[in-house]
Amino acid sequence: MPPMAPPTLALLSLWAVLAACSAQDDPIGALTPSDLEAARQTPQGVFNVSAVTWNPYRDAVMDVNVTGPVASGDWIRVSFSGIPFPDPHGKDWVALYVPGDADPAEVSPVKYRNAKHAEGYMDTGAGSLDFILENHRDTMRFYFMRKAPGEPFVAAKSPLIQLANPNAPMQVHLALTANHSEMKIQWVTKDTGSPAVEWGTSPGHYTSRSKATSTTYTRDDMCGPPANTTGFIDPGVFHAATVTGVKPLEQIYYRVGDEVSGYGPEHSFIAPPLPAASSSVIFAVLGDMGQSEVDKSNEPYQLDASLETSSRLEADDDLQLVLHIGDLGYACGYVAQWDRFYAQLQPIISRVPYMTCPGNHERDYPNSGDRWGSSHSSGGECGVAYARRQQMPRPGDDKMWYSFDFGPIHFS
Ligand SMILES: *[C@@H]1O[C@H](CO)[C@@H](O)[C@H](O)[C@H]1NC(C)=O
Ligand SMILES: *[C@@H]1O[C@H](CO)[C@@H](O)[C@H](O)[C@H]1NC(C)=O
Ligand SMILES: *[C@@H]1O[C@H](CO)[C@@H](O)[C@H](O)[C@H]1NC(C)=O
Ligand SMILES: *[C@@H]1O[C@H](CO)[C@@H](O)[C@H](O)[C@H]1NC(C)=O
Ligand SMILES: [Fe+2]
C-alpha cells in the first residue's frame, strides 16, 4: 500500500464503498434451491441436518486427548476406532457441535473434517484428526457422522468438552466515533455482567475506565433459515464501550472484561490522527474477505485466501485503519462462522479501527426491506447480526451510511 495523493485515495475509497454497499454480486434468489444451497458458501450449507439419524455402533469409540476445560485457540486431538471393516469410506465425517448436547438433527455442525484425511483410516477404520477449538461460549462435542452430507447418521460421540471461561472476552474490535479523541471498543461474552474497558498510556497501568452498553439478538430476531434454524447458536452478548479523551497519535493500552468473570489480555492502539490536510495515513480496503480454518476443517467451502489477507494485514505494523466495505465473514446465518471470523481478525482489528458497511451477505433476505427483494444472500440474518456486531457511527440500524474524517481524508 504505497502512500498516494490524498484526493485520489478519497475518491477511490468512495467508489469502493458505493460499489460494495449497493452492488449485488450474486443474485442467488434467481437460482434453483440446490444452486442456492451451494451459493451460501458455508460448510454447513452442504449438510442435510434434517436427515440426521442415530445409529451408534456398539464397538465404535471416539475420544479426545484433553480431560480438563479448554480455551480459545487450543488444539485438540480426536481419535476414533471401531468402524466396521471394510466399510470406512469418504463419507465419514468428524464433526464438532455446540453446545455439547445439541441435537444434530436440529443444528449444523460448527465445523468438520473428513475421516479419510486421518492417516490409516481407510485401511483400519481407526485414526485421529487435530482440530483447533474456539470459544463459542458453551460446551462442545465431536460426533462421528457416516454417509455425510446427504443421509448422515451418528455412529459415535466423544466425551463432553468444557470451556474454561465462557465469559472470556472475545472478538475485540475497534471503531472510530464522530469524535477524534475517542475510540469505541466492542467485544463479546456469554453473559451480560458489568462489562467495562480500562485504559492508560503505559502498559499494565489503567488510569481510566468506561462502562459498556450491551445488546444481543435472538433466534426470533432473524428473518428466516438457516439463521433462525440450523445456523443459530447463542451468539452471546455484544458489548460496546468508549475510550475518551485521548490525544492524537497517542499509544493507548487497554483491556476489556468484567470484575466477576475477569478481564481479557491487554491490547493497544494508536489514537486517531487529527484531520489535517498535510498529514498522510496508511489504510487497507477489504471486500468479500470471508474466513477460513487453520486446522483444515470445513474443506469444501473454506475461503483460504482470507488467511493470506489477514496474515499480511497482521504483519503490517504501519497499518492505521481497515475499511471492510461489505461481505465480511460470509457467516450467512451461522453464528459459529461469525465467531471464527472475529477470531481470525482480532489481532488486527483490536489494534486499528475497523470501519465497515454491510454487503448482500450481511443484509439481503426476501421480505426484509432490502433493496433487492428476492436475494437470500444473508442466510436469514437480514442485517440484524451485522448491526449488533458492528456498531458504526451511523444514523440507525437499517440506515447503514455514515462518513468520517481520518487524517487528510473524508470517507463517506
Ligand atoms: C434432507 O433430508 C430430508 C429428510 O430426510 C429429505 O426429505 C430431503 O430430501 C433431504 N434434502 C437433500 C437436499 O438431500
Ligand atoms: C492434544 O492434541 C493436540 C493436537 O495434536 C496437541 O496440540 C495438544 O498439545 C494435545 N493436548 C494434550 C493435553 O496432550
Ligand atoms: C424462521 O423464519 C421463518 C420466516 O420468518 C418462519 O416461517 C419460521 O417459522 C422460523 N423458524 C423458526 C424455528 O423460528
Ligand atoms: C470529544 O470528546 C471529548 C471527551 O473525550 C469532549 O471533551 C469533547 O467535547 C468532544 N468533542 C466533540 C466535538 O464532541
Ligand atoms: Fe461478495
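Of the 412 residues in the protein chain, 45% count as buried. Keep in mind that this is a predicted model. The chain's secondary structure comes to seven helices and 22 strands. Now the contacts. Take those with a separation of 6 or more: 70% of them join residues 24 or more positions apart.

Next, the core. The largest nonpolar core has 93 residues. Which residues have the most contacts inside it? They are Val94, Ala95, Phe144, Ile185 and Val322. Helix α5, residues 335-349, gives the most to this core, with eight residues. And where does the core lie? Domain 1 (6-39 + 167-411) and domain 2 (47-157) both give residues to it, so the core lies between them.

Let's zoom in on Ala95. Leave out residues up to four places away in sequence. Ala95 then touches Pro109, Tyr112, Phe142, Tyr143 and Met145.

On to the ligands. Ligand 1 is surrounded by Asn48, Ser50, Ala51 and Gly150. That shell has one nonpolar residue, three polar and no charged.

Now ligand 2. Around it sit Asn65, Val66, Trp75, Ile76, Arg77 and Asp130. Which strand gives the largest share of this shell? Strand β3, residues 75-81, with three residues. By type, the shell around ligand 2 divides into three nonpolar, one polar and two charged.

Key. Residues are numbered from 1 along each chain as its sequence is written. Chains are lettered from A and ligands numbered from 1 in the order in which they are written. This is a predicted model: local features need pLDDT of at least 70, side-chain atom pairs count only at pLDDT 80 or more; totals for chains, interfaces and linings use all residues. A residue is near a molecule or strand if its C-beta atom, placed from the backbone, lies within 6 Å of it. Ala, Val, Leu, Ile, Met, Phe, Trp, Tyr, Cys and Pro count as nonpolar, Asp, Glu, Lys and Arg as charged, and the others, Gly among them, as polar. A nonpolar core is a set of buried Ala, Val, Leu, Ile, Met, Phe, Trp, Tyr and Cys residues joined through C-beta atoms within 7 Å. A residue is buried if 20 or more other C-beta atoms lie within 10 Å of its own, exposed if 12 or fewer, and partly exposed in between; C-beta atoms are placed from the backbone. Helices (H or I, at least four residues) and strands (E, at least two) are DSSP runs, numbered from the N terminus. Domain bounds come from an automatic or database domain assignment. Two residues are in contact if their C-beta atoms, placed from the backbone, lie within 7 Å.
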